[in-house]
Amino acid sequence: MDLTTAVFNDRPDLHEQADEVFSAGWPEFIFHDPVADRHMGRVREWFGELSLLLVDGANRIAAGGWGVPVRWDGTLDDLPAGYDDALVRSVRLHEEAGEANTLVIAAAQVRKDLQGRGLAAEVLRALASAGERAGLAHVIAPVRPASKARYVLTPMAQFMTWQRADGTPFDPWLRTHHRMGARLLCPAERSMVMTGSVAQWEEWAGFELPVSGTYVVPGALVPVHIDRAADRGELVEPNVWVRHR
Ligand SMILES: CC(C)(COP(=O)(O)OP(=O)(O)OC[C@H]1O[C@@H](n2cnc3c(N)ncnc32)[C@H](O)[C@@H]1OP(=O)(O)O)[C@@H](O)C(=O)NCCC(=O)NCCS
C-alpha cells in the first residue's frame, strides 16, 4: 500500500476522519484520564510536529501516532512513571524552556481493517524520524500490551516476560516493538489513571457494581477499584517501558 506521512496539524481536512478512526475499538474508560485531559490541549499545540498520519492516495487514514518530547538521562530511575507522567513532564519542560532529548511515543493506532500487516512499525519509524528531526536522540514508549486485558490477574512485571516458543514476546504489540529492535525495560506501574463515578463505571463496564471492592471490567488491563462511599472508581493501568535503538 502506498502511504504518505502527514503532520496531523497540516491536514485539518482529515481531522474528522481521524476522530472516527482513532476513537474506534477502545473501551470508553480510556477517554477518562484526567491528567491526560488537562495536558492534551497544550501537547497538541506545542508538539504538533510529533503527531503523524499515514494516508493513502484516496485521502483515507490508514494509521497514526503521536509522541511528546521529554528530558531523560537514560536510566530506569529517571523514566517517567508512564503515559500520564510523560505528558506532564513534556509540558513542564516546555514551560521552563528546557531542552528535550527523548521522544516518548504515547500512542500508535492502525485502522481496524488494516491491522496485522506491519503498519504499526511504519508509524513507529515515522515518529522516530520526526523525533530525530526535532533533535530527540532517544526513543521510548509506555506500551499498552494489546492482549493484557485477557490476563488481568497477572502482574505486568510477569506478563512482560511471557514468551512464545520462538523466544519473542507473548503479546502481539510488544512483539512489534521487539521485532524492530526495541528492548523491554520495566513495567510502568502507574501509566494511566482513569477515574469516574460509580454510575459511570457501571456504564463503562456494562453491568452493576453493587458494593465497594475490586472488579474485572472488560478491556481493562488490571482490576478496577470501586469505592461506593466516595462514589468513585479508579483504574490504575500499568504499561511496559520499551526503548528503541
Ligand atoms: C496494536 C496495533 C497498533 C498493532 O498494529 P499492527 O500494524 O496491526 O501490528 P503488526 O502488523 O506489527 O502486528 C503485530 C502482531 O499482532 C497481530 N495482530 C495485529 N492485529 C491483530 C488483530 N486485529 N487481531 C489479532 N492479531 C493481530 C499480528 O498478527 C502480529 O503478530 P505476529 O507477530 O505473530 O505476526 C494495532 O493492532 C492497533 O491499532 N490496535 C488498537 C490500538 C492500540 O492498541 N494501540 C496501542 C496502544 S497506544
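Tutor: Let us begin with the second largest pocket, lined by I105, L124, R125, A128, E132, L136, A137, V139, M180, H244 and R245. This is a predicted model, in which local features need pLDDT of at least 70 and side-chain atom pairs count only at pLDDT 80 or more, while totals for chains, interfaces and linings use all residues. Residues are numbered from 1 along each chain as its sequence is written, and side-chain values use heavy atoms, with hydrogens and water left out.

Student: What makes a residue such as M180 part of the lining of the second largest pocket?

Tutor: A pocket is an open set of points, on a 1 Å grid over the protein atoms alone, where a 1.4 Å probe fits and protein lies on both sides within 12 Å along at least five of seven lines; a lining residue has an atom within 4 Å of a point. M180 is listed in the lining, so it has such an atom. The space in this pocket is about 170 Å³, a volume filled by probe spheres set on points joined across faces, edges and corners.

Student: Which element gives the largest share of that lining, and what classes of residue does the lining contain?

Tutor: Helix α4 (residues 119-133) gives the largest share, four residues; a helix here is a DSSP run of H or I with at least four residues, a strand a run of E with at least two, both numbered from the N terminus. By class there are seven nonpolar, one polar and three charged residues.

Student: Why is A130 called buried?

Tutor: Buried means under 20% relative accessible area, exposed over 50%, and partly exposed in between (1.4 Å probe, protein chains only). A130 has 3%, so it is buried.

Student: Why are A97 and D231 placed in separate accessibility classes?

Tutor: A97 has 69% and therefore counts as exposed, whereas D231, at 43%, is partly exposed. Neither is a glycine, yet phi is positive in each: about 55° in A97 and near 50° in D231. A97 is in the loop between α3 (83-95) and β4 (102-110); D231 is in the loop between β8 (224-227) and β9.

Student: Why is the pair of Y151 and F170 called edge-to-face?

Tutor: The structure holds 10 aromatic pairs. The ring centres of Y151 and F170 are 5.6 Å apart and the planes stand at 75°, so this pair is edge-to-face. Rings of Phe, Tyr and Trp (its six-membered ring) pair if their centres lie within 6.5 Å, with planes under 30 degrees apart stacked, over 60 edge-to-face and the rest tilted. Y151 is in the loop between β5 (138-143) and α5 (156-159) and F170 in the loop between α5 and α6 (172-179), so the pair ties together parts 19 residues apart in sequence. Both are partly exposed, Y151 at 26% and F170 at 28%. Together with F159 and W162, they form one aromatic cluster.

Student: What makes K148 a charge over the face of F159?

Tutor: The criterion asks for NZ of Lys or CZ of Arg within 6 Å of the ring centre and within 35 degrees of the ring normal. K148 lies over the face of F159 at 5.9 Å from the ring centre, so the distance meets the cut-off. The C-alpha of K148 is 9.9 Å from that of F170.

Student: How do you know that E237 and R144 make a polar contact?

Tutor: Their side chains are joined at 2.7 Å. A polar contact is a pair of N or O atoms within 3.5 Å; within protein, one must be able to donate a hydrogen and the other to accept it, and residues adjacent in sequence count only if both atoms are side-chain atoms, so the distance qualifies. E237 lies in strand β9 (residues 232-244) and is buried, at 0%.

Student: Where is W241, and is it buried or exposed?

Tutor: W241 is in strand β9 and, at 1%, counts as buried. A polar atom of the W241 side chain lies 3.0 Å from the backbone oxygen of P80.

Notes: Nonpolar A, V, L, I, M, F, W, Y, C, P; charged D, E, K, R; others polar.
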